[in-house]
Amino acid sequence: MHIADFVSGSFAGACGVAVGYPLDTVKVRIQTQKQFTGLWQCTVATFSKEGVHGFFKGMSFPITTISMTSSVVFGTYRNCLQCLSQARGDGCGPNTKLEVFLSGLVAGIAQISVMSPGDIVKVRLQCQTESKRGGTNIPKPKYHGPVHCVLSIIKEEGIMGLYRGALPLMLRDGPSYATYFLTYAYICEWLTANGKKRPDWSGVMLAGGIAGMAAWTIGTPMDVIKARLQMDGALGMKRYNGFYHCITETVRTEGVGVFFRSLGINCLRAFPVNMVVFVTYEVLTGFLRGGPDGASFRV
């Protein structure tokens, strides 16, 4: 088993969260609250009302859980590749693109059980537009922090409340991670010069950034549904009876275009985040495997 990939993936995920969290907060608010009409308007409104802190609400819990989920993703991906390679037999060459795609799909689905509770807490805290700095007559936030949010969800909705939105999360992350790793493999292969085993660092950064944008292009529609189901009923009356009702009601009231309203900000955030994620992952994996030749940019 490739233990190094689990460890490297964990650190890479934490770095990615730190880089992309402010834009993620803006994205979630645009997806779930009609008062925010676009990237610039949401950014200005958040800063003027809540200050810089408003962009980092709920980050402590996700940086822990996403470290775990990123560990599961990269570790599962690499070990799936190894299993598929062994199934073909020794000496069959590098993994095929189909094996890369399937391993990414399995990795995306595998991390749902770990990711879902942290993700719903993140979304709930990000969507609290009330400021703690407000006066006595101004409404205070419902959740005081990540732990209080978890306990409140369990108390009000039961333990399964932590897994609300798990189905669209799975439908988002399975295909997204399959696209993610496949795109990364293709671009790394394309950028690798003849006679070399891997591209240089600029190639890794470019491949990681483009892979992240490709993954979010696939995953954004389900990301919208996921966020809406996670917020449904949290701050008032429930609007949706379930997954399919959320889709049909969203299309009926806002049109198909709403599923791609946050695509621009997702791609804007995805490039630097995944550039950092893959560079961190490759550096640490190479170190843990015993030197600069330990990293494997190509599958």
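Analyst: Gln-230 is found in helix 8, residues 201-231, where helices are DSSP runs of H or I with at least four residues, numbered from the N terminus. The model is a predicted one, in which local features need pLDDT of at least 70 and side-chain atom pairs count only at pLDDT 80 or more, while totals for chains, interfaces and linings use all residues. Residues are numbered from 1 along each chain as its sequence is written, and side-chain values use heavy atoms, with hydrogens and water left out. Gln-230 has 0% relative accessibility and counts as buried, a term that means under 20% relative accessible area with a 1.4 Å probe and protein chains only. Apart from neighbours within four places in sequence, Gln-230 is in contact (heavy atoms within 4.5 Å) with Asp-119, Ile-120, Val-123, Arg-124, Arg-164 and Gly-165.

Thr-25, which lies in helix 1 (residues 3-32), is likewise buried, at 0% relative accessibility. Not counting residues up to four places away in sequence, Thr-25 touches Gly-54, Phe-55 and Gln-126.

Helix 7 spans residues 166-191 and holds Ser-176. Ser-176 is buried, with a relative accessible area of 7%, and, leaving aside neighbours within four places in sequence, its contacts are Ala-215, Ile-218 and Gly-219. The C-alpha atom of Ser-176 is separated by 28 Å from that of Gly-54, a residue 122 places away along the chain.

Thr-179 lies in helix 7 as well and counts as buried at 18% relative accessibility. The contacts of Thr-179, again without residues up to four places away, are Phe-101, Ala-214, Ala-215 and Ile-218. Thr-179 and Met-213 are 34 residues apart in sequence, and their C-alpha atoms are 9.9 Å apart in space.

Ala-178, also found in helix 7, is buried at 0% relative accessibility and is in contact with Phe-101, Gly-104 and Leu-105 once neighbours within four places in sequence are set aside. The C-alpha atoms of Ala-178 and Asn-194, which are 16 residues apart along the chain, are separated by 27 Å.

Two packed helices are described by the angle between their axes and the distance between the axes. The axes of helix 4 (residues 97-110) and helix 7 come within 7 Å and cross at roughly 145°, where axes are lines fitted to C-alpha atoms over the stretch in contact and angles run from 0 to 180 degrees between N-to-C directions. The crossing of helix 4 and helix 7 is right-handed; a crossing has this label if the near helix is turned clockwise from the far one by less than a right angle, and is left-handed if anticlockwise. From helix 4, Lys-97, Val-100, Phe-101, Gly-104, Leu-105, Gly-108 and Ile-109 take part, and they meet residues of helix 7 including Met-170, Asp-173, Pro-175, Tyr-177, Ala-178, Phe-181, Leu-182, Tyr-186 and Glu-189. By class, this contact of helix 4 with helix 7 has twelve nonpolar, four polar and three charged residues, where Ala, Val, Leu, Ile, Met, Phe, Trp, Tyr, Cys and Pro count as nonpolar, Asp, Glu, Lys and Arg as charged, and the others, Gly among them, as polar. The charged end of Lys-97 sits over the ring of Tyr-186, 5.1 Å from its centre, by the rule that NZ of Lys or CZ of Arg is within 6 Å of the ring centre and within 35 degrees of the ring normal.

The rings remain to be described. A search of the whole structure finds eleven aromatic pairs, defined as rings of Phe, Tyr and Trp (its six-membered ring) with centres within 6.5 Å, planes under 30 degrees apart being stacked, over 60 edge-to-face and the rest tilted. The rings of Phe-74 and Phe-278 have centres 5.7 Å apart and planes at 80°, so this pair is edge-to-face. Phe-74 lies in helix 3 (residues 60-88) and Phe-278 in helix 10 (residues 263-288), so the pair ties together parts that are 204 residues apart in sequence. Both Phe-74 and Phe-278 are buried. Tyr-180 and Phe-181 also form an edge-to-face pair, with ring centres 5.2 Å apart and planes at 70°; Tyr-180 is buried with a relative accessible area of 4%, and Phe-181 counts as buried at 1% relative accessibility. Ring pairs link Phe-74, Tyr-77, Tyr-177, Tyr-180, Phe-181, Tyr-184, Phe-278 and Tyr-281 into a cluster.

Note on methods: Helices (H or I, at least four residues) and strands (E, at least two) are DSSP runs, numbered from the N terminus. Buried means under 20% relative accessible area, exposed over 50%, partly exposed in between (1.4 Å probe, protein chains only).
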